[in-house]
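Colleague: Could you take one part of this model and go over it closely? Then please carry on through the rest in one connected answer.

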Amino acid sequence: MSASDVPRHWRSMKERYRLLGTYCENCKSNFFPPRKICPKCRRKGRIKQIEFSGRGKVFSYTVVNVGSKAFEKYAPYVIGLIELEEGPRVISQIVDCKPEDVYIGMEVEACFRKLFEQGDSGIISYGFKFRPVDDSWVEYYKKLLADRKMKVLQSTG
Amino acid sequence: MKREVAIISVGATRFGEHWDKGIKDLAWEAGVKAVEEAGISGRDIQYIVFGNMSGGMFEGQEHVGALVADFLGLNPVPAARVEAACASGSVAFFHGYMAVASGMYDLVAVGGVEKMTDVESSRATEILAAAMDYEWEAYFGNTFPGVYALMATRYMHEYGLKPETLAKVAVKNHHHGSMNPMAHFRNRITVEDVLSSPVVAYPLRRNDCCPVSDGAACVILAPLEEARKYTDTPIKVEAVAQASDTLSLLERRDICTLDATVQAAEKAFAKAKLTRKDVDLVEVHDCFTIAEILALEDLGFCPKGEAQKLYEEGETYVGGKLPVNTDGGLKAGGHAVGATGVKQIIEIVKQLRGEAENGRQVDGAEVGLAHNVGGSGATAVVTILSRR
């Protein structure tokens, strides 16, 4: 696969990097991946863009030991079906933890990572992965700022 | 014009590794067998339609409709290749059925062919992953076994299915396959064999997964009222129904249910005016062991979560309450993706004619059902056949 083999529209898909979905103003449903038409309301629907928080829970998971060609060298890796807090589900890798630590119901958050390299040309494909929710660094910075008698200016959650 | 349709003849290659054969050779072998069994000339065939998932990616060959028609020496008969991933064969059958039922054609050859073993396994994994929603599943590293593994993990969580019970699906299919000379694998296996095989995608192990196979299958359709001109044992097509769902698991109502199977089964049983109790045997799409469990529930043979009991009690063997995959299914019988749907139909035909080998013939079988799935359930086709 060469650079020209990468479908151009994929490179401009913001939703692949920022968890952008859609919601229907008519029936208040959230959708991921984004849709052009609400499957429930059809032409009565009003589709708008929405950015999801990136927080969710593991709904199901698997550990892939035999990857397809582009992912072969990363195996074993965890694939999760993640239910976002806004409702829709996404399929993504779960990283920054051991496969045996993943469980149904585990809280995870989206992060931006390299996914794979395309063919011999090695074009890097990026996208989101999920990692266990870890708020310890927030506490760390709060403590650090408190020690220096500084105020927390904005929520980091 | 609307007519009843019958299957007048069948033909297939063995499913397995055919190192010395390509798409054309496989299709030729199955097609010639079917034409000879019908006692017709190839020239009598008015339309050819067959399933092929990916000649383009497996062999670099597209446009296989005309390719096969030409190789069979049947030019200028119109020929079409249809694609619906692993359900390509059944979707072809649906189209052939419509062609005869509508009155458009009288003799139609319906087939399926796939040549899969010329690529290395990581490439095969990549090609099969194209049956899923590439953008939202494969792009993030999921594989085809991985999708069914997501269903299996959730199913185990919700319904307490044990790996030992799942293994019994494979054990049973190898048992049936051992008696089928056309099967890819003819060895018997044990629950321990399954549980000690390497993990492909947790919780699915190698022996939970069907193989990739080369193979072809063909049936010839004719109007029911004319079928006895060609055979003493016409098999009536009671119903064929197809339904669609999302390609990816993301937006499924319930990942432990294939809604397309539910819809197709409801339509098929309504059209056939038959009930589940009338069915003597089923061929279901067991690309992975979990898929067979889901299929029996989604087809309406038992409530959600309870198919595992049938396996605990051994009721899916020939001689049990509901014999399932009497030819070994996809697991032992083999899975030449574009041909599988037609191969399943051929098994039902053989059973209804009473021609299955000793030990795997269902006594007095009158009604059989075939269930074929594309991808992880985006396409499902249910076909009901009878001896009436």
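Modeller: Strand 7 (residues 107-118) and strand 8 (residues 123-132) of chain A pair antiparallel, over ten bridges. Helices (H or I, at least four residues) and strands (E, at least two) are DSSP runs, numbered from the N terminus. Two strands pair if DSSP finds at least two bridges between them. This is a predicted model: local features need pLDDT of at least 70, side-chain atom pairs count only at pLDDT 80 or more, and totals for chains, interfaces and linings use all residues. Residues are numbered from 1 along each chain as its sequence is written, while chains are lettered from A and ligands numbered from 1 in the order in which they are written.

Stay with the two strands. Ala110(A) has Phe130(A), in strand 8 of chain A, as its bridge partner. Strand 7 and strand 8 of chain A make a hairpin, with four residues between them. In that turn, Gly119(A) has a positive phi of about 50°. Strands of a sheet pair through backbone hydrogen bonds, either parallel or antiparallel.

Now the rest of chain A. Chain A has three helices and eight strands. Read from the N terminus, the order is α-α-β-β-β-β-β-β-β-β-α. An open sheet of three strands in chain A has the order 2-1-3, with antiparallel pairing. Its edge strands are strand 2 (30-31) and strand 3 (47-51) of chain A, each pairing on one side only. Strand 1 (residues 20-24) of chain A is joined to strand 3 of chain A by five bridges, and the two run antiparallel. There, Gly21(A) has Ile50(A) of strand 3 as its bridge partner.

How much of chain A is buried? Of its 157 residues, 31% count as buried. A residue is buried if 20 or more other C-beta atoms, placed from the backbone, lie within 10 Å of its own; it is exposed at 12 or fewer, and partly exposed in between. Contacts in chain A also reach along the sequence. Among those between residues at least 6 apart, 47% join residues at least 24 apart. Two residues are in contact if their C-beta atoms, placed from the backbone, lie within 7 Å.

Next, the interface. Here 26 residues of chain B are in contact with 26 residues of chain A. On the chain B side, helix 5 (121-129), helix 6 (144-159) and strand 5 (199-201) each supply at least two residues. Helix 6 of chain B gives the most, with six residues. By class, this side of chain B has 14 nonpolar, eight polar and four charged residues. Nonpolar covers Ala, Val, Leu, Ile, Met, Phe, Trp, Tyr, Cys and Pro; charged covers Asp, Glu, Lys and Arg; the others, Gly among them, are polar.

Chain B has helices worth a look. Helix 1 (residues 23-38) of chain B has 16 residues and reaches 23 Å from first to last C-alpha, close to the expected 22 Å. The expected span is 1.5 Å times one less than the number of residues. Its buried residues include Trp28(B), Glu29(B) and Ala34(B). The buried residues of helix 1 of chain B pack against strand 1 (5-12), helix 2 (55-59), helix 3 (64-71), strand 4 (108-114) and strand 7 (215-223) of chain B. Gly39(B) follows helix 1 of chain B, with a positive phi near 65°.

Helix 4 (residues 88-101) of chain B has 14 residues that should span 20 Å, and its end C-alpha atoms are 20 Å apart. Eleven of the 14 are buried, so helix 4 of chain B is largely enclosed by the rest of the structure. Phe93(B), Phe94(B) and Tyr97(B) are among the buried ones. Gly103(B) follows helix 4 of chain B, with a positive phi near 90°.

Ala84(B) sits in the loop between strand 3 (79-82) and helix 4 of chain B. Why does Ala84(B) count as buried? Because it has 27 C-beta neighbours inside 10 Å. Beyond four places in sequence, Ala84(B) is in contact with Val91(B), Gly374(B) and Thr379(B). Ala84(B) and Thr379(B) are 295 residues apart in sequence, yet 7.0 Å apart in space, C-alpha to C-alpha.

Helix 7 (residues 163-177) of chain B is mostly covered, with eleven of its 15 residues buried. Its buried residues pack against helix 8 (191-195), helix 10 (289-298), helix 11 (307-312) and helix 12 (329-333) of chain B.

Last, the core. The largest nonpolar core has 177 residues, and Val110(B), Cys218(B), Val219(B), Leu221(B) and Ile290(B) touch the most other members. Such a core is a set of buried Ala, Val, Leu, Ile, Met, Phe, Trp, Tyr and Cys residues joined through C-beta atoms within 7 Å. Beyond four places in sequence, the contacts of Val219(B) include Ile7(B), Ala34(B), Val110(B) and Ile346(B).
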